[in-house]
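Q: I have a model open and want to learn to read its features. Where do we start?

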Amino acid sequence: MACPEQPLTPRLDPHFCNFRLRIGTSSIHRWGIYAEQDIPKNRKVIEYTGERISRRESKRRADLRGDVYLFTLDDYWNIDGAVNGSGAEFINHSCDPSLAARILKGHILYMSLRDIRRGEELTIDYRFDWDVEKVACRCAAEKCRGTINVRK
């Protein structure tokens, strides 16, 4: 199984983008994805893709490398965006996100929660479990909860 140990070179795969998007530096965290056109509410923006791996392999990779781009698909599978990802893995966390994840027939779709303006950074609430290591939030949203983790 592939497992890159170098930081990812950011790229977008236009095949999985439903709108014009670009990668740029982010004030939230390193790289971010930005809208290159206005995006209406309730639209599929991008699909989160990558290698489908087991929870066991996810843990091994998380222990092996510092940067992880893992998204939980179901009780057994995760998607590792670091391996053949669409670029959605570079969408940063915000406590007041512009996108929400929807899982449909084994696909992770990022849908717009509201109208998104051209030039705006796309964000999603990562919603890490409360009982795992706390991760400080740097989203600067008005209602920032201070951590990426949420109580259930």
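A: With the surface. This is a predicted model. Tyr126, Phe128, Val132 and Val135 make up a nonpolar patch there, and their accessible area together is about 280 Å².

Q: Where does Tyr126 lie?
A: In the loop between β10 (123-124) and β11 (128-129).

Q: Is Tyr126 buried, partly exposed or exposed?
A: Buried means under 20% relative accessible area, exposed over 50%. Tyr126 has 30% relative accessibility, so Tyr126 counts as partly exposed.

Q: Now Arg61. Is Arg61 buried or exposed?
A: Apply the cut-off of 20% again. Arg61 is at 0% relative accessibility and therefore counts as buried. Arg61 is part of helix α1 (residues 55-64).

Q: With which side chain does Arg61 make a polar contact?
A: With the side chain of Asp80, at 2.7 Å.

Q: How do I read a sheet? What is the strand order in the open sheet of three strands?
A: In a regular strand, side chains alternate between the sheet's two faces. Here the order is β4-β6-β5, and the pairing is antiparallel. β4 (51-54) and β5 (70-72) are the edge strands: each has a single partner strand, so one side of each lacks a neighbour in the sheet. On average, neighbouring strands of this sheet are turned by 35° against each other, direction ignored.

Q: How many bridges pair β4 with β6?
A: Four, in the antiparallel sense; β6 covers residues 77-80. Ser54 stands opposite Trp77 of β6.

Q: And the hairpin: which strands form it?
A: β1 and β2, with five residues between them. Five bridges join β1 (residues 21-25) to β2 (residues 31-35), and the two run antiparallel. Arg22 has Tyr34 in β2 as its bridge partner. In the turn, Arg30 has a positive phi of about 40°.

Technical notes:
Residues are numbered from 1 along each chain as its sequence is written. This is a predicted model: local features need pLDDT of at least 70, side-chain atom pairs count only at pLDDT 80 or more; totals for chains, interfaces and linings use all residues. Side-chain values use heavy atoms; hydrogens and water are left out. Two strands pair if DSSP finds at least two bridges between them. Patches are made of residues with over 30% relative accessible area and no salt bridge: like charges are joined within 9 Å, nonpolar side chains (Val, Leu, Ile, Met, Phe, Trp, Tyr) within 5 Å. Accessible areas come from the Shrake-Rupley method with a 1.4 Å probe; for residues, only the protein chains shown count as cover. A salt bridge is a side-chain nitrogen of Lys or Arg within 4 Å of a carboxyl oxygen of Asp or Glu. Buried means under 20% relative accessible area, exposed over 50%, partly exposed in between (1.4 Å probe, protein chains only). A polar contact is a pair of N or O atoms within 3.5 Å; within protein, one must be able to donate a hydrogen and the other to accept it, and residues adjacent in sequence count only if both atoms are side-chain atoms. Axes are lines fitted to C-alpha atoms, for helices over the stretch in contact, and angles run from 0 to 180 degrees between N-to-C directions.
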